[in-house]
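My entries follow the order in which I looked things up.

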Amino acid sequence: MDGMDPAVRHGLRRVLTLLCILPLLLLLAREAPRLPQSPLVLGYGFIVLLGTIAMIYIAYSKYEDPSVRELRKRPRKLDGFPVLKPNPRVSFLLAVKDEEDAIEDCVRSMADSDYPDLQIIVVDDLSEDGTRDVLRRLEAELGITVLYLEKNLGKKHALVKACEIADGDILAFTDSDCILAPDALRKCVEAMVRHPELGAVSGHCRALNAPVSIFTRAQDVWYEGQFRIAKAAESTFGSVTCVSGPLAVFRKEAVYNYFPAWAGDRFLGAPFRFATDRQLTGYVLGQKWKGKALKRQYADSPFVTAEDYPERQWRIGYVQSARVWTNVPARFRPFMKQQIRWKKSFIRNLCFTGTFMWRRGLGPALLYYGHALWVVAAPVMAFRHLVWAPIHGMAFLTLLYLCGVILKGLIWGLAFKIDNPGDTRWRYRPVMSLLSSVLLAWLLPYSMATIRRGVWSRSAT
C-alpha cells in the first residue's frame, strides 16, 4: 500500500477496517433492541464494546505516522506555530535511581541514537547501589553529562535539574529501564520538523522482557494495543493524552515555562510525585486555557522569566515507527504497585486535563471522557457482577459479564494478530482483559484512599 496514491490508500484502509469489524457491528445491531428491557445488564457491556469498535476503526482507518508523510488533517492556521530547522538540537534527558543492572544498556541505547545533534544528560537522584559507579564509567567513555545529586529530589525535580542546563530546541525523555531503537529519536524529531503544530509526540513501546513468562508476554500484547490503538486513535485528533515515559519528545516552547508547575505539583494539599508523563502532557494540551495562570503562579522562576513563550493550542501525536522497549513487572507485587501508581496518576490527571478536554473538540472529548467513565465505572461493575449477582442467585449475570470481558479481549487480540502476523501471543490479550476487570478494577478506590502516599520506584523485577 506504500506506493499507492494517499487518497486511494486511505480509502482502502477504511474499507478493510470496516470489513474486519463488520461481524461485531452486526452483533451489536442484533442486541440493540434488547437494551430497553435490561439497560443495566446489557448497557454497560454494549457501550464498552461499541467504544472499543470505534477506537479500533479510528486507529486503523485514520491514523497516519507523522514521521512518514505529511498528515491529511492539520490545523487551518499553521502560521501560528514556529517552524523548526531541519536538524534541531535535541537534549535527551534521563533521571535514574538505583538501577545498577539496567542503566548501562539504557544509556548506551541513548548514545547509539543515529540523530546527529544530540546532548545527553543523566541525573542520578542519590542512588544507593552501584548506579553511580556505572555512570562515572559511561560519562568518561561516551562523553555524556551526568549530574550527581546530593539529596534525593524525586523524578520530576531531578529532570527539572537536567532541564536547567539543557540547550536543545527539543527535549526528549526516556525511563531508566528502557532500550531505544537507534532511529527512534530521529523518527520523532522528523515528525515534529514536518509538522510544526506538534508540541509533543510519543513513541511506540513494547515489553523488553516479554519472553520471561506468560505474565510478561501478556503485558507485551497489552502494551502493543495501548499504543497502536489507543494512542493512534487519539493521535488522529492531535490530542494524545499521555506522552509516555519510555519515549516522550517535546518542543521546548511547549513545555519550558511549565517545568516549575510540573515539579511543584500538589494535589489534595500534598506534593504529588506521580503523573510525571500525564501531567506534563496535560500542560501541552491545555496551556491555551491554563497556561497564563500556571505561569503567574511561578512568575519568579527562571523557567518563566528567561523567556515567556506564547500559549498555543499545540497538537500531540504518536509515532508508531519510533520503537522503544521497557522492562515490565515480572512478578505480581511490582505489577500491582505499578498499577496503583497509574491509577493515582489517572485520578490526578482527570482533575486537571478533565477540566478542559472538552474544548479540544468532539473527537478528543469522546475518547477522553469515555475512557474516564469506563475506568470510574469499572469497580462498580465489578462489584455488581462479581459480588452482588452471585449473592442474589444471579450467576448467569456473572457469566455474561465474564464472557463480555473475554470478547473484548479477543477483539484486542485480533488487532494484535493483524499487526503481528504469525505471532501467537495474541491469545494472551483476553487474559489481560480478565485481570483488568476482575482484579485491577478494585484498585481505583484503593488508590484514591492512599493518593497522598507515594515513593518513586521503577523496579520491575
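**Entry 1. Overall content.** I noted at the outset that this is a predicted model. I counted the secondary structure and found 16 helices and 10 strands. I then looked up burial: of the 461 residues, 55% count as buried. For contacts with a separation of 6 or more, I recorded that 82% are between residues 24 or more positions apart.

**Entry 2. The sheet.** I asked in what order the strands of the sheet are arranged. I traced 8 strands in an open sheet, ordered E3-E2-E1-E4-E7-E6-E10-E5, with mixed pairing. I identified the edge strands as E3 (145-148) and E5 (178-180), each of which pairs on one side only. From one strand to the next, I found that the twist averages 30°.

I then examined the E3 end of the order. Strand E2 (residues 118-124) runs parallel to E3, and 4 bridges join the two. In this pairing I located Val122 opposite Val146 of E3.

**Entry 3. A helix across the sheet.** I looked up which strands helix H5 (residues 155-165) lies across. They are E1 (90-96), E2, E3 and E4 (170-173). I noted that H5 runs at about 150° to E1.

**Entry 4. Helices H3 and H4.** I checked H3 (residues 103-111) against H4 (residues 131-142): their axes come within 10 Å and cross at roughly 25°. Angles under 35 degrees count as roughly parallel, and H3 and H4 are therefore roughly parallel to each other. I recorded the crossing of H3 past H4 as right-handed.

On the H3 side, I listed Ile103, Glu104, Val107, Arg108 and Ala111. They meet Thr131, Val134, Leu135, Arg137, Leu138, Glu141 and Leu142 in H4. I sorted the residues of this contact into 7 nonpolar, 1 polar and 4 charged.

**Entry 5. Helices H10 and H12.** I next asked at what angle H10 (residues 276-297) and H12 (residues 332-352) pack. The angle is about 25°, and the axes are 10 Å apart. That makes H10 roughly parallel to H12. I recorded the crossing of H10 past H12 as left-handed.

For the contact itself, I listed Arg278, Gln279, Gly282, Tyr283, Lys290 and Leu294 from H10. Their counterparts in H12 are Ser345, Phe346, Arg348, Asn349 and Phe352. By class, I found 4 nonpolar, 4 polar and 3 charged residues in the contact of H10 with H12.

Key:
Residues are numbered from 1 along each chain as its sequence is written. This is a predicted model: local features need pLDDT of at least 70, side-chain atom pairs count only at pLDDT 80 or more; totals for chains, interfaces and linings use all residues. Side-chain values use heavy atoms; hydrogens and water are left out. Axes are lines fitted to C-alpha atoms, for helices over the stretch in contact, and angles run from 0 to 180 degrees between N-to-C directions. Angles under 35 degrees count as roughly parallel, over 145 as roughly antiparallel, 65 to 115 as roughly perpendicular and the rest as oblique. A crossing is left-handed if the near helix is turned anticlockwise from the far one by less than a right angle, and right-handed if clockwise. Contact means heavy atoms within 4.5 Å. Ala, Val, Leu, Ile, Met, Phe, Trp, Tyr, Cys and Pro count as nonpolar, Asp, Glu, Lys and Arg as charged, and the others, Gly among them, as polar. Two strands pair if DSSP finds at least two bridges between them. Buried means under 20% relative accessible area, exposed over 50%, partly exposed in between (1.4 Å probe, protein chains only).
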